[in-house]
Structure formats: structure tokens, C-alpha cells
Amino acid sequence: MMQVWVIGVGIAGPGLDGWAAARPVLAGHAEYRLTPFAPAAPKLLSAAERRRCSQSARLAIAAAQDALLAGDLPGDAIATVFASSDGDGVITQEICESLAGAAREVSPTSFHNSVYNAPAGYWSIATRSQLSSTSVCAYDVSFAAGLLEAATYATVERGPVMLVASDLPFPSPLHGIRPVGESFAAALVIAPTRHPGALMRCAIGLTPHRTVTAFPDAIPTALRSNPAARSLPLLAVLARQATETVRLEYTDETDLVIECEPEG
Amino acid sequence: MMSPLTVTAMATANPLGLGLPATWTALCTNRQGLRPNDFEDAEIKTWIGRVEGLETEPMTGELADFDCRNNRLALMGLRQDGFEQAVASARTRYGPDRIGVLIGTTTSGILETELAYRRRSAAGEGLPLTVRYRHTQNLFSVSDLVRRQLRLTGPVASISTACSSSAKVFASASRWMAAGLCDAVVVGGVDSLCFMTLYGFASLGLLSDRPCRPCDVSRDGLSIGEAAGFLLLEREGRNGERLRFLGYGESSDAHHMSTPHPEGLGAALAMERALDRADLKPIDIDYINLHGTGTPANDLAEDCAIWKTFGGRTPCSSTKERTGHTLGAAGITEAILALLCLQHDFMPGMVRIEQPDPQLRSAMMLRSESRPLRTVISNSFGFGGSNCTLIFGKRP
């Protein structure tokens, strides 16, 4: 098992806008209300980058910014892992529509925003971080794959790393082949050693597949269909500050296990 | 420092040929892999590096759902060079759960979705799309295919950091091994021709209408290629394998989404970090396989970074003039080419150069040369400012 400390949590989604507001909801102390959600353009970016910035980048950056609020580490001191199943469906849609038309024109901005690591690129520009950044995809289990990647990074490279998991709904007709209901992003800043202000110590490893931890009851179906929302069983334990083991589905054969022990 | 890993098997399908022998022969005889664009009905005046035979080999049986150009190319790659047999042997030794899979790709099977939009457009809007999304378009599909084909059950992920994708897989694989998650990792990269990349790079004015000419004074863009490549990494080989993966360096430009930092600061950081991790000095590096795309900005920025890190003495060349830029497969394809160079003590020249760019200060190789090599570097840089440098070495 790899030992890491969670030193910051960020969240961005309908009814879960910011860790401070979402924490009592996920802990079961406040009622969940499904409210419309649209992430603001990131203030960290210059006006020009803010204009160009894609929806997927806005969403991921909203959670990443939120995760830095409580901690003492600046963004340029933290490596990153970005995890997403579907990337940016709005841009995929726009480009595929253009390519199916007579003119076949692709907008240059859309094309450079179409790369999977666009959120990572905008985040590094926003924070001026020159540290490593990796963008991973494992379809529905992208959050688990991302957490494994981040924990491995912290453990082996002996430095802090932020995992940012995000997915947003595809517009129609893409929505028909990939029905994700709502936008959602979550971010975790983790460190390889005990850290002042850490919320939780986590032992992370792989074990044979069994029954995985359920979503918190309050989470609506439309949100559960978002691959990044598969972080919510873990975020609920972080919110409750409970000593619990969370099992997340990873491969057909294996679960990602997170043994949580509150700190401080 | 990282513990060196041994390269116990590799396989390639790229525009120079299918398999290592064909690729090596093309490399040392200066046979080129580019041709005038004849991809589907893409009416763009450019040259491409295309892999033959993908259109006529549909996937059937258990893997039929995965059928698309990108996954056909992945299977074609896996079937080269005894790779599947080497993985089967490792599977017997370590167990399927102790072998990981990390594949880089940028566009996966998006071509299927592009064609579905066309069918829909032709039939009138409002029709549903018919696409096996999970098994074709989603970026994970190629990693899922590879683990099923090789019957592996260890950790798995696709990595997509634009044109550094299949270099980054080496860094993550090294970490998986160091953390004890795996005893071996299949790393790879697969990217295939599609309309999005051809028209997208054209929209940015980054495609040359001639074969790309990295480091030439009149270079005017890249040529897109497609490829699949795979390596099996283990701590130690059993058959006296000599090729080793010594270090990686990762960095972010933090500068611009689609333009490299003009002085190559991020690229220099990646090279410095790779040297540190391999515990090597610049003087220890015998040859650098450039990212060298052939765009004016890339080659100049990379040259600045090399000048800063190595000065002007380390021989460098780009092999993209032969293969084209295989995007998400460029990292693995050029790692394999660099390993072939190590194995054969050979440095490929840039034979397309008509006049070297006098602004570039590094030691560009215009002609191929045979010379003993101990350590080589392969550079990969991508949109979003994602940089990754790999160092390979050879046991005496």
C-alpha cells in the first residue's frame, strides 16, 4: 500500500459548488439540492486565455482552484494528474460537425482546445507551474486510474501532486452514444509525507474486485452517470472525517482500495 | 535517480515498415516513409506517413467491437517482432496481474465518429449516431484492447498529453515499477490518420505541402504520420538483453497552448531532469533524436534548449522527415528508432535538408553515420506545453 496525505480537496458541480459548501452536504449534515451549475471563467488566466479557454478547462480549473484554497502550497509547487473519461465533447461535436459539412473548416482555437491535456495546459499557464503533468483516461474508471497515478507520483517522486478529475455532458447527438447527465469535477492535493493541515492519511493499493463503496444517498442519478463523480464515495469519507475503507471499481479484476484515517 | 529498466521486447508498425527489421533497413538505407496525401477524401495538399493494409483487415471475433482504424493499427503493431510471445512468456513468469499496460494516443478511434457524422449529415439531421463509443472513440479503447489481446490484468491507463503521450508512458511505467505495482509494463503508443488532425493542423497553418524538412532553413510545417509501437519493460531480462531505459524528464512549458516557449525553457527542463534521473552529464549523451517536427517554431525552440543544455557538440537529428509526425505514437516510435540506433551504433542523418537553418546552433546530422553509441536521448513535446525526454542506454 502507498501512504499519502490528503492536504486539499476541491469540488465543482451542480449542488456541490466548492468544498466549503459541499462538505456538509456530503457529510449528511445539509440537504443536497440539484442547482444549475456553470463554472466561472478562471480568474487566474489572462483575459486572452480566458476567452480561448474551453468548457472542460473551466470545469477542471474550478475544482483545482478550490483545492488550493485551504492549503499553504502554491499551484506552481504541485505536479498534476488530470483524469477524464470523455475529454471535451462540446469541441468534439463542433469539429465533427464542421468536418461533416461541405467546407470542412476546423477552427484553430477549437483544434488546440481539442487535445485531451487542454485543461492541464491552461492550468500550467494559470499557475506558471513547470512541474510534471500527466493526463490519463480509463473510461468510466478514470478517477480510480488517476488516483493510482497521483498516489504513485507522490510516493515515487516524493513531492506533492494534485489529481483533477472532470467530465462534462456531451451535446446531442454525441449525447446519444455517451449519456452523461451533469458536469462534475473533483480535485485532491496529496503529499507523500505528513503535512500540517492534512485532512486524512490514506493507504492506497489494488486488491481483487469485490463490492465497491456506494455513492452517498443524496447524489442524484444524473450526477452518478458522470465518470468523475465516481470520486464521491471517497469525498464523502473525507467530508465526514471518518476512519473507513473506500473501494472504487478499477478494472474488471481489481479495485482501488483507499484506507482512510483522519488527521489532526 | 531511477533504477534502470531492461527493454526485453519491442514491436513497431510505422510508415517505414512493419516490424523492426523492415524499419531498420529503411532507416539505414534512407528509404522514406512519406507520400502525397491519399487519405480517404481529405483534400489537403500535404504529405503523409501511412501504414498499408489497415483498410482490409477488419477485427473479428471477441474483439470485433473494437474494430476501427486505430485499433487495427494497434493489433498490427502487437503482431510484429515476436512481441505477443515475449509478453506471454512474461505473463507466465510474473502472472497476468503483475504486468501493467500504458498506451499513449491523442485521437483514438475518432475517425469512426467523424464518419458517423458524415452519414448523419447526408441522411438529414436528427438521426442518432451509430458509434461504439467505448470501444472506438474513447481514448481508453486502445489500452483496453491491448490488455485483452495480451491477456493482462494489471494496472492500465491511456495517457494523452498530445504529442508527448507515448513518451510519458515511460515515466508512469517507471513509477509503477518503483512503487511495486508491477513486475513488467507494456508501454506503447498508437495514433492513426483521421480528418480531425489533418484539417486541424492545416487550420493552424502547421502542415507543409511538401515532405516535412526539420531543421531546414525553409521548413514550413509538419507531415502527419500514423504508427503503433510497443515495448516490454522489466527490471532484468533473462536473455542478456542489452538495451535499457535509464531516465525520463517531464516538464510543462506554462507558456501557450499550441506554441512552444520561444527559448525552449520547458524542453531544457525536461532534458535536465532526465539527465538528473539517469545520473548522467550532458557529455555522456552520444546522440539526440529530436522532437524535430519541421515547424519553424518547434525546431528553433528545441535547438535553443539543446544549446542551453548540451552546447553544440552532441549530434542531433530528427527522424520525422522519414516517418512523419505520428503524434500520440511519436514518443514510442522514436524511442524504438533511438533504440535501433543504439543497437546498431548508427545515427540517421536528415537527408531532406537542402540548406540547414543557420539560426540553429546544435550539431545537426546531415548525413547518417556509424559510430559507437552508449546513451541516447529521445525528445517529445506536445500541445499544452507537455514535454518529456527519455534516455536509453546499452550494457557493454
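**Figure 1. A salt bridge joins B:Arg147 to A:Glu253.** The two side chains meet at 3.2 Å, N to O. A salt bridge here is a side-chain nitrogen of Lys or Arg within 4 Å of a carboxyl oxygen of Asp or Glu. The rule finds 5 salt bridges across the interface of chain A and chain B. It also finds 24 residue pairs in polar contact there, both residues at pLDDT 80 or more. A polar contact is a pair of N or O atoms within 3.5 Å; within protein, one must be able to donate a hydrogen and the other to accept it, and residues adjacent in sequence count only if both atoms are side-chain atoms. This is a predicted model, in which local features need pLDDT of at least 70 and side-chain atom pairs count only at pLDDT 80 or more, while totals for chains, interfaces and linings use all residues. Residues are numbered from 1 along each chain as its sequence is written, chains are lettered from A and ligands numbered from 1 in the order in which they are written, and side-chain values use heavy atoms, with hydrogens and water left out.

**Figure 2. The interface of chain A and chain B buries about 5,000 Å².** Of this area, 62% is on carbon and sulfur atoms. Buried area is the accessible area (1.4 Å probe) that two parts lose on being put together, summed over both. In chain A, the residues that lose the most area to chain B are A:Arg104, A:Phe111 and A:Gln130, together 14% of what that side buries. Contacts (heavy atoms within 4.5 Å) link 57 residues of chain A with 64 residues of chain B.

**Figure 3. A:Phe111 and B:Phe201 form an aromatic pair between chains.** Their ring centres are 5.0 Å apart and their planes stand at 70 degrees, so the pair is edge-to-face. A:Phe111 sits in helix α5 of chain A, and B:Phe201 in helix α7 (residues 195–203) of chain B. Rings of Phe, Tyr and Trp (its six-membered ring) pair if their centres lie within 6.5 Å; planes under 30 degrees apart count as stacked, over 60 as edge-to-face and the rest as tilted. The count over all chains comes to 13 aromatic pairs. Helices (H or I, at least four residues) and strands (E, at least two) are DSSP runs, numbered from the N terminus.

**Figure 4. Strand β3 of chain A pairs with strand β6 of chain B.** The pairing is antiparallel, over 2 bridges. Strands pair if DSSP finds at least two bridges between them. A:Val136 stands opposite B:Ile159 in β6(B).

**Figure 5. An open sheet of 3 strands lies in chain B.** The order is β3-β4-β8, and the pairing is mixed. β3 (34–36) and β8 (224–225) are the edge strands, each pairing on one side only. β3(B) and β4 (residues 47–49) run antiparallel, joined by 3 bridges. B:Pro36 stands opposite B:Trp47.

**Figure 6. A:Arg178 and A:Asp86 form a salt bridge within chain A.** The closest N and O atoms are 2.9 Å apart. A:Arg178 lies in the loop between α8 and β5 (184–191), and A:Asp86 in the loop between β2 (79–83) and α4, so the pair ties together parts that are 92 residues apart in sequence. Over all chains, the structure holds 40 salt bridges.

Figure 7. The peptide bond from A:Ser172 to A:Pro173 is cis, with omega near 5 degrees. A:Gln241 has a positive phi, near 55 degrees, in a residue other than glycine.
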